[in-house]
Amino acid sequence: MLSRSALIAASAATLLAACSSADEPVAEDNAAAVPAPVMTSTPTPTVAADGSPLAMGSWNINESATGASATFGETNGDALLTITCDRASRTLSLAVSNSTPGNQTFVVESGGTAARLDMVADGNSALPRQVAPIAIDAPVFGGFVQPGGTIEISQPGGATLRVPSAPGIRRIFEACR
């Protein structure tokens with residue numbers, strides 16, 4: 001029995017010695033050889049889940065003391081779609097690049113729901129848009145923040161603007177709560 005106990009104690013000491021050598025600090029030279037991870041942004045999709053094309057561009061989310069906005073468009077181009085929160089009045093608005101004058105009816109679809117949106121021309125001749133106030137709690141806007149989703153805005157005359165949804169849009173909605 002005594003020899004068996006001595007054998008177990010010797011085995012345990014050997015195992016502990018092996019473990020303690022793994023805990024030694026890594027030499028500075030080895031640390032420099034390990035490459036630093038490369039951070040990449042999530043690319044903006046160019047096609048919807050059903051394979052249909054999306055408008056070219058990406059979302060740009062901005063916040064300030066006065067409000068927040070999300071704009072979709074090409075980097076050096078005009079915004080195709082803008083969602084804005086005015087913190088002082090707690091109002092949300094949606095603007096679509098569109099040169100049709102007067103009041104127009106658009107259909108917004110996202111997240112499996114659709115809503116009619118009565119919009120008004122903003123009168124800007126340089127960058128004409130149709131603008132409308134929107135309600136945070138409208139079910140269609142829940143789809144705007146779903147990863148991998150699509151936002152479709154059917155415009156007068158049959159044109160449809162299709163852009164990817166973006167989780168960052170949630171920040172604009174939360175700024176107006």
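I take buried to mean under 20% relative accessible area, exposed over 50%, and partly exposed in between, with a 1.4 Å probe and protein chains only. Ser 69, at 18% relative accessibility, counts as buried.

**Ground rules**

I am working on a predicted model, where local features need pLDDT of at least 70, side-chain atom pairs count only at pLDDT 80 or more, and totals for chains, interfaces and linings use all residues. Residues are numbered from 1 along each chain as its sequence is written, and side-chain values use heavy atoms, with hydrogens and water left out.

**Entry: the whole chain**

I looked up the secondary structure. Helices (H or I, at least four residues) and strands (E, at least two) are DSSP runs, numbered from the N terminus. The protein chain has 4 helices and 9 strands. Along the sequence I read the pattern α-α-β-β-β-β-β-β-β-α-β-β-α.

I then looked up burial. Of the 177 residues in the protein chain, 28% are buried. The accessible surface comes to about 11,000 Å², by the Shrake-Rupley method with a 1.4 Å probe. Carbon and sulfur atoms hold 57% of that surface.

Contacts came next. A contact means heavy atoms within 4.5 Å. Among contacts with a separation of 6 or more, 49% link residues 24 or more positions apart.

**Entry: the sheet**

In what order do the strands of the open sheet run? I read E1-E2-E3-E4-E7-E6-E5-E8-E9, with antiparallel pairing. Two strands pair if DSSP finds at least two bridges between them. The edge strands are E1 (58-63) and E9, and each pairs on one side only. From one strand to the next, the twist averages 25°. The axes behind such angles are lines fitted to C-alpha atoms, and the angles run from 0 to 180 degrees between N-to-C directions.

I followed the E9 end. E5 (residues 103-110) and E8 (residues 150-154) run antiparallel and share 4 bridges. Glu 109 stands opposite Glu 152 in E8. E8 and E9 (residues 160-164) also run antiparallel, joined by 5 bridges. Ile 151 faces Val 163 in E9, and Ile 153 has Leu 161 as its bridge partner there. The hairpin of E8 and E9 has 5 residues between the strands. In that hairpin, Gly 157 takes a positive phi near 90°.

I went back to Ser 69. Its place is in strand E2 (residues 67-73). Not counting residues up to four places away in sequence, Ser 69 touches Asn 60, Ile 61, Asn 62, Ile 83, Thr 84 and Ile 172.

Thr 82 lies in strand E3. Is Thr 82 buried or exposed? At 9% relative accessibility, Thr 82 counts as buried. With the residues up to four places away set aside, Thr 82 touches Ala 70, Thr 71, Ser 93, Leu 94, Ala 95 and Arg 129.

I picked Leu 94. Leaving aside neighbours within four places in sequence, Leu 94 has contacts that include Leu 81, Thr 82, Ile 83, Leu 117, Met 119, Phe 141, Phe 144 and Ile 153.

**Entry: the disulfide**

How many disulfides does the structure hold? I found 1. A disulfide is a pair of cysteine sulfur atoms within 2.5 Å. Cys 85 is joined to Cys 176, S to S 1.9 Å. The link of Cys 85 and Cys 176 is right-handed, with 110° about the S-S bond. Cys 85 lies in strand E3 and Cys 176 in the segment after helix H4 (170-175), so the pair ties together parts that are 91 residues apart in sequence. Cys 85 is buried at 3% relative accessibility, and Cys 176 is buried at 5%.

**Entry: two arginines**

Arg 90 is found in the loop between strand E3 (79-86) and strand E4 (91-97). With a relative accessible area of 48%, Arg 90 is partly exposed.

Arg 170 has its place in helix H4. Arg 170 is partly exposed too, at 43% relative accessible area. Arg 170 and Phe 141 are 29 residues apart in sequence and 9.4 Å apart in space, C-alpha to C-alpha.
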